[in-house]
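Take a walk through this protein with the sequence and the model side by side. We start with the whole chain and then turn to single side chains.

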Amino acid sequence: MSASVGPHGGPRPPTAPPSMPELPDLSHLTEEEREIIMAVMVRQKEEEEKEEAMLKEEKPIKAKTVLLLGKKPPAQNDIR
């Protein structure tokens, strides 16, 4: 298997996936059925956009490591 090569011998840049896949042939459906399917596809696209926006907004959690030398760990209060 070989990698695709760009115009100057380097690797090709990744291509962006289409924003919405091609619509299936809905011509055999009634107008009401087409409207239902189109509404579902619109909702799906909105949900994908929300998810993408949430992933972009996530910030990595910075972990801090504390080294305690010769100290006992703090007591924990157990609530039962």
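Buried here means under 20% relative accessible area, exposed means over 50%, and partly exposed lies in between (1.4 Å probe, protein chains only). The model is predicted: local features need pLDDT of at least 70, side-chain atom pairs count only at pLDDT 80 or more, and totals for chains, interfaces and linings use all residues. Residues are numbered from 1 along each chain as its sequence is written, and side-chain values use heavy atoms, with hydrogens and water left out.

The accessible surface of the protein comes to about 8,700 Å². Carbon and sulfur atoms account for 58% of that surface. These areas come from the Shrake-Rupley method with a 1.4 Å probe; for residues, only the protein chains shown count as cover.

Now the fold. The protein has 1 helix and 0 strands. Helices (H or I, at least four residues) and strands (E, at least two) are DSSP runs, numbered from the N terminus.

His28 lies in the segment before α1 (31-57). Its side chain reaches the backbone oxygen of Asp25 at 3.4 Å. That is a polar contact: a pair of N or O atoms within 3.5 Å, where, within protein, one must be able to donate a hydrogen and the other to accept it, and residues adjacent in sequence count only if both atoms are side-chain atoms. His28 is exposed, with a relative accessible area of 62%.

Next, the charges. Side chains of opposite charge can pair when their charged atoms come close. The structure holds 4 salt bridges. Each is a side-chain nitrogen of Lys or Arg within 4 Å of a carboxyl oxygen of Asp or Glu.

Look at Arg34 and Glu31. Their side chains meet in a salt bridge at 2.9 Å, N to O. The two residues are 3 apart in helix α1, so about one helical turn separates them. Arg34 is partly exposed at 24% relative accessible area. Glu31 is also partly exposed, at 46%.

Move along to Lys45. This residue forms a salt bridge with Glu49, and the closest N and O atoms are 3.6 Å apart. Lys45 and Glu49 are 4 residues apart in helix α1, so they too are separated by about one helical turn. Lys45 counts as partly exposed at 30% relative accessibility. Glu49 is partly exposed at 45%.

Finish with Lys56 and Glu52. They form a salt bridge, with the closest N and O atoms 3.6 Å apart. Both lie in helix α1, 4 residues apart, about one turn of the helix. Lys56 counts as exposed at 66% relative accessibility, whereas Glu52 is partly exposed at 47%.
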